[in-house]
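Please examine the sequence and the three-dimensional structure shown below. The explanation that follows is meant to be read alongside them.

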Amino acid sequence: TTAGPGWAAEVRALARERDAVLLAHNYQLPEIQDVADHVGDSLALSRIAAEADASTIVFCGVHFMAETAKILSPDKTVLIPDARAGCSLADSITAEQLREWKAEHPGAAVVSYVNTTAAVKAETDVCCTSSNAVEVVASIPREREVLFLPDQFLGAHVRRVLDRSDMHVWAGECHVHAGINGRQLTEQSQAHPEADLFVHPECGCATSALYLAGTGAVPEDQVKILSTGGMIDAARATGAKEVLVATEVGMLHQLRRAAPEIEFRAVNDRASCTYMKMITPEALLRSVREGTDEVHVDPELAARGRAAVQRMIEIGN
Ligand code: 13P
Ligand code: SF4
């Protein structure tokens with residue numbers, strides 16, 4: 001399939017014929033974001049998927065996101081334009097490893113980031129995303145141990161905010177966010193001292209951001225640890241003229257649309273997720289034309305993970 005000049009109109013027409021709603025994550029290519037019915041972060045898109053009237057959901061994102069939509073809406077057809085779009089973070093823990101970890105901590109509550117496979121969700125008490133991780137862990141009584149997985153940087157952030165020492169954190173990471181480091185953030189903030197810092201909690205530099213704020217190197221109110229959806233709200237609310245953005249570079253497109261008067265700069269402009277970028281116009285066109293790639297989740301696994309995912313979409317804003 002090649003995508004010619006009229007590809008976007010063709011995608012919309014074919015989606016209508018199929019009774020399909022098009023969802024796109026904030027890290028998708030700009031042209032994919034622009035053709036979608038809804039663009040958002042993982043939590044917002046999960047909520048939309050759960051409530052969608054359409055009989056088919058085309059998920060322009062990575063595989064665990066489409067799986068989550070299928071778990072929430074098992075009777076709908078869920079398509080991902082390229083099923084090879086995986087996630088290095090989701091790959092950092094298997095269900096078998098989680099079962100072993102649970103056996104070492106009997107009675108602990110398992111909190112899994114949404115960036116996990118359906119098999120891991122089936123072993124989980126409650127899922128979270130970066131926008132509600134703090135609220136989700138806060139909902140677990142303090143007397144209960146917590147196993148948080150798989151992202152070590154998000155886990156460290158939650159543990160710091162809640163001052164919760166009984167929280168064990170898996171040592172996984174996302175290769176894209178781990179690569180946005182403290183040195184890059186410090187250099188950029190020195191070069192742009194007036195700029196706000198918007199930092200995704202999966203970043204290797206999240207601790208450095210708080211250090212810069214704590215030492216007064218950057219005024220505290222200029223430093224914000226945010227999910228991708230939170231960054232859009234913060235961009236609309238800030239009075240800053242410049243913002244340094246520490247997350248995957250696809251995010252810049254929605255930020256510039258939300259606040260065109262602000263200069264947004266990537267802290268690391270090579271922080272691009274190859275999995276997210278597998279969803280090309282060609283792949284999307286093929287998907288709505290041929291109904292590919294359909295996402296299946298084993299019904300027994302889906303049933304075991306559903307309560308954890310449903311709690312996730314109920315908690316936080
Ligand atoms: P959010 O959309 O929750 O900010 O997550 C970012 C991410 O890395 C998804 O893969
Ligand atoms: Fe996974 Fe990282 Fe890509 Fe997000 S940016 S989909 S966490 S590999």
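The paragraphs below treat a pair of helices, the surroundings of a ligand, and some details of the backbone.

The structure is a predicted model. Two packed helices are described by the angle between their axes and the distance between the axes. Helix H10 covers residues 182-191 and helix H11 covers residues 206-214; their axes come within 8 Å and cross at roughly 40°. H10 is therefore oblique to H11, and the crossing is right-handed. On the side of H10, the contact is formed by Gly 182, Leu 185, Thr 186 and Ser 189, while H11 contributes Ser 208, Ala 209 and Leu 212. Of these residues, three are nonpolar, four are polar and none is charged.

Ligand 2 is surrounded by 13 residues, of which Cys 87, Leu 89, Cys 174, Val 176 and Cys 273 are the closest. The shell around ligand 2 comprises nine nonpolar residues, three polar residues and one charged residue.

Most residues other than glycine have a negative phi, and most peptide bonds are trans. Leu 149 and Pro 150, however, are joined by a cis peptide bond with omega about -10°. Pro 150 belongs to the loop between strand S7 and helix H8. A cis bond also leads from Thr 292 to Asp 293, with omega near -20°; Asp 293 is in the loop between helices H14 and H15.

Asp 19 has a positive phi, near 55°, and is found in the loop between helix H1 and strand S1. Asp 19 counts as exposed because 12 other C-beta atoms lie within 10 Å. Asp 163 has a positive phi of about 50° and lies in the loop between H8 and strand S8. With 7 other C-beta atoms within 10 Å, Asp 163 is exposed.

Technical notes
Residues are numbered from 1 along each chain as its sequence is written. Chains are lettered from A and ligands numbered from 1 in the order in which they are written. This is a predicted model: local features need pLDDT of at least 70, side-chain atom pairs count only at pLDDT 80 or more; totals for chains, interfaces and linings use all residues. Axes are lines fitted to C-alpha atoms, for helices over the stretch in contact, and angles run from 0 to 180 degrees between N-to-C directions. Helices (H or I, at least four residues) and strands (E, at least two) are DSSP runs, numbered from the N terminus. Angles under 35 degrees count as roughly parallel, over 145 as roughly antiparallel, 65 to 115 as roughly perpendicular and the rest as oblique. A crossing is left-handed if the near helix is turned anticlockwise from the far one by less than a right angle, and right-handed if clockwise. Two residues are in contact if their C-beta atoms, placed from the backbone, lie within 7 Å. Ala, Val, Leu, Ile, Met, Phe, Trp, Tyr, Cys and Pro count as nonpolar, Asp, Glu, Lys and Arg as charged, and the others, Gly among them, as polar. A residue is near a molecule or strand if its C-beta atom, placed from the backbone, lies within 6 Å of it. A residue is buried if 20 or more other C-beta atoms lie within 10 Å of its own, exposed if 12 or fewer, and partly exposed in between; C-beta atoms are placed from the backbone.
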